[in-house]
Amino acid sequence: MLSDILPKQAIQKKLADAIAQQLGIEAKDISVPLEEKADIVFLCNSVYWAGVDGSVKQFVSGNKSNIGKLVNVSTAALKESSYPQIKKLCEQTGVAVSDDEFHCRGSFKLMHKGKPDDADIQAAKAFAGKITG
């Protein structure tokens, strides 16, 4: 089973919906626990100055036994990636994490308005296809 998990923010939903469409699966919110083991979980998240959102941390730790491998999909207005923080979280909880990640700019207030854009969406779809290839 493949699963695509996303926080409630519109930016992550945009990416998660694109990945889900590419893979022919349903995008789910991280507030919904995984009911069965997923071979691959695409975790769509954003990185903020304070770090990864607490709901993302709760999802990973609360679902660790049902995550085969986590694939990080992130956006940020300023930082380059949430991967180091997600990798550390996965190591702490015993969840396998892919070395591959997708990251693109995300909009925040007036910064990077319109991001992720259509090119980012297409790149996210291509990334998901490569991972599941």
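Mentor: Before we start, helices (H or I, at least four residues) and strands (E, at least two) are DSSP runs, numbered from the N terminus. Keep in mind that what you're looking at is a predicted model.

Trainee: Does Ala76 count as buried or exposed?

Mentor: Buried means under 20% relative accessible area. Ala76 comes in at 3% relative accessibility, so Ala76 counts as buried.

Trainee: Which residues does Ala76 touch, not counting residues up to four places away in sequence?

Mentor: Contact here means heavy atoms within 4.5 Å. Ala124 is 48 residues away in sequence and 15 Å away in space, C-alpha to C-alpha. With residues up to four places away in sequence set aside, Ala76 touches Val47, His103, Cys104, Arg105 and Gly106.

Trainee: And Leu70, is that residue buried or exposed?

Mentor: Leu70 is another residue of strand 5. Leaving aside neighbours within four places in sequence, its contacts include Val41, Leu43, Val60, Ile86 and Cys90. Its relative accessibility is 0%, so Leu70 counts as buried.

Trainee: How many Å apart in space are Leu70 and Lys109, C-alpha to C-alpha?

Mentor: Start with the sequence: Leu70 and Lys109 are 39 residues apart. In space, going C-alpha to C-alpha, the separation is 29 Å.

Trainee: Now helix 3, please. Which of its residues are buried?

Mentor: Helix 3 runs over residues 83–93. Its exposed residues Pro84, Lys88, Glu91 and Gln92 sit on the face turned away from the buried side. The buried residues of helix 3 are Tyr83, Ile86, Leu89, Cys90 and Thr93.

Trainee: Why do they end up on the same side of helix 3?

Mentor: Again, the buried set is Tyr83, Ile86, Leu89, Cys90 and Thr93. They lie on the same side of helix 3 because the arc they cover around the axis is only 125°.

Trainee: What do the buried residues of helix 3 pack against?

Mentor: One partner is a helix, and the others are strands. The list is strand 3 (38–48), strand 4 (51–52), helix 2, strand 5 (67–76) and strand 6 (97–105).

Trainee: At roughly what angle do the axes of helix 2 and helix 3 cross?

Mentor: Helix 2 is residues 54–62, and its axis comes within 10 Å of that of helix 3. Helix 2 passes helix 3 in a right-handed crossing. The angle between the axes is roughly 35°.

Trainee: Which residues in helix 3 do Val56, Lys57, Val60 and Ser61 meet?

Mentor: Those four belong to helix 2. On the helix 3 side, they meet Ile86, Leu89, Cys90 and Thr93. By class, this contact has two polar residues and one charged residue, and the nonpolar ones number five.

Trainee: What about loops? Which residues is Asn63 in contact with, leaving aside neighbours within four places in sequence?

Mentor: Asn63 lies in the loop between helix 2 and strand 5. At 6% relative accessibility, Asn63 counts as buried. Its contacts, with those neighbours left aside, are Pro33 and Leu34.

Trainee: Last one: where in the chain is confidence lowest?

Mentor: The chain averages a pLDDT of 87, with 92% of the residues scoring at least 70. Helix 4 (residues 118–132) has the highest mean, at 96. Over residues 1–8, pLDDT stays under 50. At a mean of 45, the lowest confidence is in strand 1 (residues 2–6).

Key. Residues numbered from 1 in each chain as written. Predicted model: local features only at pLDDT ≥ 70, side-chain atom pairs only at ≥ 80, totals over all residues. Heavy atoms only, no water. Axes fitted to C-alpha atoms, helices over the stretch in contact; angles between N-to-C directions. Left-handed = near helix turned anticlockwise from the far one by under 90°. Nonpolar A, V, L, I, M, F, W, Y, C, P; charged D, E, K, R; others polar. pLDDT = per-residue confidence, 0-100. Buried < 20%, exposed > 50% of the residue type's maximum accessible area, 1.4 Å probe, protein only. Arc of directions from axis to C-beta.
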